[in-house]
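Here is a short tour of the model, starting with its aromatic side chains. Have the sequence and the structure open as you read.

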Amino acid sequence: MPMSPHLTARSRGRPSSVGRSVALVCVLAVVALRFPLAAAAPAVPTRVDFNRDVRPILSDHCFACHGFDDKTRKASLRLDLKESALRGGKSGKPALVPGQPDASELVARVLTQDADDHMPPAEFGKPLTPAQAETLRRWVAEGGEFRDHWAFIPPERTSPPAVRHTDWPRNEIDRFVLARLEEQGATPRPEADKPTLIRRATLDLTGLPPTPDEIDAYLADTSAGAYERVVDRLLASSRYGERMAVDWLDAARFADTHGYHIDSARDMTAWRDWVIRAFNDNKPFDRFTVEQLAGDLLVTDRNPAPGTTDADLLVASGFNRNHMINYEGGAIPDEYHTAYILDRVNTTATVWLGLTMACAQCHDHKYDPLTMRDFYRFYAFFNTVPENGLDGRNGNAVPTLSLANADQKARLKELQEAAKKSEETVKELEAGATTRQQAWEAEVLKPEGLLAGTDTAAVRTNAALMKIVGTPAESRTDDDRKKLADYFRDQAFAALKDARQVRDQARDARDKFDRSLPTTMVMGEMEKPRDTFMLVRGQYDQKGEKVPAGTPAVLPPLAEGDPVNRLGLARWLVSPQQPLTARVIVNRYWQMYFGNGLVKSAENFGSQGDWPTHPALLDWLATEFVDSGWNVKALQRLIVTSATYRQSSAAPRAEVEADPENRLLARGPRVRLQAEFIRDLALQVGGLLDPRVGGESVFPYQPAGMWEELMAREDNDSFTAQKYVTSRGRDLYRRTMYTFWKRTCAPPSLGTFDAPDRQVCTVRRARTTTPLQALVLMNDPTYVEASRKLAERMMASAPDESGRIAHAFRLATGRNPRAAETEILIRLYRSQLETFRANASAADHLLGVGDAPRAAGLDAAELGAWTVVASAILNLDETITKG
């Protein structure tokens, strides 16, 4: 099992009861200092806020029957609209009488003990708690105010609030955070030490740990702005673009296969490379959006950004071609074509709007003001691509863009010209063959029975004719005539037959070479767009009302003058009037650093989503992002240079238990690394990481036979990506984001650490802790090999045990080990050395894992023992966690 982060404390033995008492007193004293107002909570509750306190209750317990969907509405009562609540339902009694809870049917129904009248009814299965019922009563008593859902109200740029401790904030973010802490009677943690801080920032901005040299340089720089210079260096690194792209690939459901039952290969690596470049170039997010949703239309609109080629724009448009594609025999093309468009709607709505628009596919949304009509008007934007419902058997599905280089284009042109020339030859021969046959037959059937002329060709032909028939013309039978006709047909068409064979070979050569050229899937626009219909209950073949393209009615319309197509939609998503996009995006960036967004439900900003912990901060960040020109790097810098981010993550147990998810932000972030970065860290620490940026996907180690078992078919060899062939050489050690991603069998070690399968859009990964994760770190060939190579680095770094351990510890965790930690690891080394001295084959077996060659001249038992120590260090919770 992984070494516990509390291993050092356990090794010292249990503290005495006196020690425990003293420790408890100290902890209570700290808590009292940190939460001085905890015992002095205001006697009068704060005023109920509709969006924060009431709407979540109504959404969870009432809207399913008394909400937006008129098909499931009961008693003609809506509780999402004030007018309906004031009017009441079928009973004729007003559900809400502002300021008079005793006269309000809503309050009466939630407080009554009569099972027949009580709401929500028992069969609904979601009873109100007494506190929720009291909140509704207080809300009515305070006037029963209604407000539009907060996320549909444009963000307001408010001034950062005043705070008492004015020396703590480093930028505007901190004043919002500190004001909330002071309101709760809490204070922030001190700034993290420099090794922790540079490790946290480097992992967050590049997905890799800092090197000892980078740490030393930062420690040595005591001048003002040292940390900010580290951040600027990290933002300028090509590793930054790779790190940022990982989360975007999840959102875009990027994979290297089509999905569905065959799940054969596709190639969208050019789009992945575009995303990395876009982040590294700091492409403004509004442009980043428009190019991915409508890059193909920018080409025809002739509105590229400076330095952007038409090819770049087309590659970027591949965002909405990353969905799954099917070509199963017997499948219905219309059904799957509909599925592709549904995926585009749901992905676009999730990524940019943070809305669960999929809930309006079959009926009006039950919780949010989104109708079926809204859904299919949005659908119409994506129903104009010249694509096939069943496609992809030979790789990428149309429409595609060729990515051939100059040499490949020249060779293709040669083959195309050869095929064209052979085609022209065939046409010429076809035109003359019948005429020649008829002329020859007329000649040979003359009374003299022989071709005229005495030249060599005529003599040879006459000789051949005599052999075929063997009789003079005047005595030839009908059979003889048939033989002659067949002979002349064969002669006349012989050259044509040869020419056709040459043509077919030329075509095959051209087509085979063309198929071998790299392509990427792109969007396109039909000359005559398809009509879009609402689909009854979401069924592809049950067409209802015809609808035009448009945005949800609850949100602002497209800007006047913008085209009603994907380009207009993309511009609308990043327009100043649109209340959601900027909030949704800055929230996900916040999630990247702190583990949770200010809105925890990053995928759902609707009524069923979470209320923001810091609403004013969210709005300030959103408006700051837009006002900066959608500057992505500036936003990252703002967050990671804040005092909020720079806090120590260490906190007393009582504080952690009071706020386990750190929603108040009273301490720094401490979050386990994403799956890709755990592997990347091990490769870098082991000295194995290949530095190349971009390019084709690769095949690192994975358990044998997984693809083959899943895809067991007699015709497997007819399809790509059915058999897993492990990469060799440098490709084994590329960054994990370049791993070949098969949707039906996603990389297993990454899945163990909660990487998604990418069948659909993901904007918030789960974070689980399971024993399987420890088993992966201890036994997966990647980590065993990385441990061996780290052990080799350890042995080369110092002559003594303590020095070697310190070197590895610093590479993995960014700090020097404590004396007790060094002592434990030395004991582990000596124990394993004794074991391997007694069992040389065990050492050889351990050291034989992985393709990387062993360093020459090292004692196998020593290297094996140090490999075990290195594995223990790579298994530390501290190693795989940023803190």
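W248 and F319 are both buried, where buried means under 20% relative accessible area, exposed means over 50% and partly exposed is in between (1.4 Å probe, protein chains only). This is a predicted model, in which local features need pLDDT of at least 70 and side-chain atom pairs count only at pLDDT 80 or more, while totals for chains, interfaces and linings use all residues. Residues are numbered from 1 along each chain as its sequence is written, and side-chain values use heavy atoms, with hydrogens and water left out.

**Aromatic pairs**

A search of the whole structure turns up 36 aromatic pairs. Rings of Phe, Tyr and Trp (its six-membered ring) pair if their centres lie within 6.5 Å; planes under 30 degrees apart count as stacked, over 60 as edge-to-face and the rest as tilted. For W248 and F319, the ring centres are 5.9 Å apart and the planes stand at 40 degrees, so this pair is tilted. It links distant parts of the chain: W248 belongs to helix α12 (residues 238–251), F319 sits in the loop between α15 (310–316) and α16 (333–353), and the two are 71 residues apart. Helices here are DSSP runs (H or I, at least four residues), as are strands (E, at least two), numbered from the N terminus.

F699 and W707 form another pair, with centres 6.2 Å apart and planes at 75 degrees, so that one is edge-to-face. Both F699 and W707 are buried.

Ring pairs also join up into a cluster, whose members include W248, W271, F285, F319, W352 and W630.

Two charges sit over rings, meaning that NZ of Lys or CZ of Arg is within 6 Å of the ring centre and within 35 degrees of the ring normal:

| Charged residue | Ring | Distance from ring centre |
|---|---|---|
| K194 | Y218 | 4.3 Å |
| R734 | Y738 | 4.1 Å |

**Cores**

Which residues touch the most other members of the largest nonpolar core? They are W248, W271, F285 and L621, in a core of 172 residues. Such a core is a set of buried Ala, Val, Leu, Ile, Met, Phe, Trp, Tyr and Cys residues joined through side-chain atoms within 4.5 Å. Another core lies apart from it, with 21 residues, among them V48, C62, L79 and L136.

Leaving out residues up to four places away in sequence, W271 touches W248, L249, A252, F254, Q292, V315, A316, G318, F319, N322 and T520. Contact means heavy atoms within 4.5 Å.

**A helix crossing**

The axes of α16 and α17 come within 9 Å and cross at roughly 105 degrees. Axes are lines fitted to C-alpha atoms, for helices over the stretch in contact, and angles run from 0 to 180 degrees between N-to-C directions. The two helices α16 and α17 are therefore roughly perpendicular, a label for angles of 65 to 115 degrees. On the α17 side, F375, F378 and Y379 meet α16 residues including T338, I341, L342 and V345.

Most residues other than glycine have a negative phi, and most peptide bonds are trans. The M119 to P120 bond is cis, with omega near -5 degrees, and P120 is in the loop between α6 (105–111) and α7 (130–141). The V398 to P399 bond is cis too, with omega near 0 degrees; P399 is in the loop between α17 (372–380) and β1 (400–402).

N282, not a glycine, has a positive phi of about 55 degrees and lies in the loop between α13 (269–280) and α14 (285–301). R537 also has a positive phi of about 55 degrees without being a glycine. R537 lies in the loop between β3 (532–535) and β4 (543–547) and, at 62% relative accessibility, counts as exposed.

Conventions. Parallel < 35°, antiparallel > 145°, perpendicular 65-115°, else oblique.
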